[in-house]
Amino acid sequence: MNKLEALKYFCVASETLNFRETAQRLSVSPQVVTRMIAELETTLGESLFKRNTRNIRLTEFGNQFLPQAQQLLADSERLFSTHHKPSQKTMQGMVRMTLPPLPYNNQLLSQLLFALAPYPDITIDWQVSIDKLKAIDDNIDIGLRVCREPEPHWIAQHICAFDEKIVAAPSLIERLGMPKDLTDLAQNYPLSGLVNPKLKRIWDWQVNKDIHFFPNQIRFMSSDAIYELQSALVGRTCSQLIDVICAPYLKNGQLIELFPDLEKQPWHLYLYRPYQSIVTDRVMFIFEQLKTILKELYTSSTT
């Protein structure tokens with residue numbers, strides 16, 4: 001038994017939960033799928049699926065084994081991709097990407113398109129939104145996400161960590177004074193809010209895992225934190241922003257950090273692609289290019 005091949009069969013079967021559909025995806029007969037899964041189960045000494053006449057589902061062991069199998073396949077994919085050069089034939093078609101509004105998006109896109117100059121037949125669908133697009137429903141190939149931790153079905157590359165800061169312009173502090181504490185800030189100071197596009201309302205201000213509150217006096221709201229920055233800079237609101245957005249203005253004195261000693265929960269920037277058993281050359285190439293570009297952009301900005 002080719003163990004890597006068996007893992008591929010298992011991972012595809014875990015996606016489809018249907019051996020016939022698995023066989024169609026892998027261009028083999030259902031009997032081959034059944035045999036490969038059975039041999040893998042014998043090797044592991046555990047059942048991976050519970051099967052009846054109508055459907056199959058992963059066993060508890062299968063659910064625990066799946067992320068390990070996916071990671072091993074991803075590692076082997078990266079290993080072999082370093083020795084594989086894509087052809088013009090495989091470097092054509094659509095690649096759909098989703099990313100949140102971030103300061104370096106223009107530079108990121110510019111450098112990516114420059115890297116893609118030898119491959120004019122690739123079509124890029126570049127979706128910038130705070131909304132979380134779904135990999136399957138929205139046909140997303142690659143994503144960039146600011147979150148606490150990666151989702152389990154991602155093949156994720158950690159880019160950097162962000163600190164979140166509560167900031168205000170000196171003119172606002174001169175006018176209203178320094179807030180005594182977070183309760184004073186929440187109740188008596190003009191604040192900006194980031195809009196949840198699905199619920200059409202403001203997100204709570206989450207300071208850390210123990211402290212969060214809903215702003216009482218919203219004076220500016222947007223679905224893009226970069227516009228919250230503008231509201232803070234002109235002294236209209238106090239705002240909660242990640243450091244990559246506000247750091248230059250704290251450095252030059254246009255903004256002041258409030259409660260700098262308060263423990264804050266970090267956010268992380270991840271480049272990811274949904275786990276798929278078969279990944280095209282164009283998606284792999286763009287993923288690796290983005291990883292390199294992002295590391296250069298954000299490592300320099302957060303050091």
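## Largest pocket

The lining of the largest pocket takes at least three residues from domain 2 (89–161 + 267–300) and at least three from domain 3 (163–264); the domain bounds come from an automatic or database domain assignment. The model is predicted: local features need pLDDT of at least 70, side-chain atom pairs count only at pLDDT 80 or more, and totals for chains, interfaces and linings use all residues. Residues are numbered from 1 along each chain as its sequence is written, and side-chain values use heavy atoms, with hydrogens and water left out.

A pocket here is an open set of points on a 1 Å grid over the protein atoms alone, where a 1.4 Å probe fits, with protein on both sides within 12 Å along at least five of seven lines; lining residues have an atom within 4 Å of a point. The largest pocket holds about 1,000 Å³ of space. Of its 36 lining residues, Ile130, Val146, Leu194, Trp203 and Trp267 lie nearest the centre. By class, the lining has 19 nonpolar, 6 polar and 11 charged residues. Strand 5 (142–147) is among the elements that each supply at least two lining residues, and the largest share, 4 residues, comes from strand 5.

## His158

His158 is in strand 6 (residues 154–162); strands are DSSP runs (E, at least two residues) and helices are DSSP runs (H or I, at least four), numbered from the N terminus. With a relative accessible area of 31%, His158 is partly exposed, a class between buried (under 20%) and exposed (over 50%), using a 1.4 Å probe and protein chains only.

The side chains of His158 and His268 form a polar contact of 3.0 Å, and the side chain of His158 also reaches the backbone oxygen of Cys160 at 3.3 Å. A polar contact is a pair of N or O atoms within 3.5 Å; within protein, one must be able to donate a hydrogen and the other to accept it, and residues adjacent in sequence count only if both atoms are side-chain atoms. Lys291 is 133 residues from His158 in sequence, with 9.0 Å between their C-alpha atoms.

Ser14 lies in helix 1 (residues 3–16) and counts as buried at 12% relative accessibility. The side chain of Ser14 reaches the backbone oxygen of Cys11 at 2.6 Å. Leaving aside neighbours within four places in sequence, Ser14 is in contact (heavy atoms within 4.5 Å) with Phe49, Leu58 and Leu66.

Leu17 is in the loop between helix 1 and helix 2 (19–26). Leu17 is partly exposed, at 35% relative accessibility.

Technical notes. Grid points are joined across faces, edges and corners, and a volume is the space filled by probe spheres set on the points. Ala, Val, Leu, Ile, Met, Phe, Trp, Tyr, Cys and Pro count as nonpolar, Asp, Glu, Lys and Arg as charged, and the others, Gly among them, as polar.
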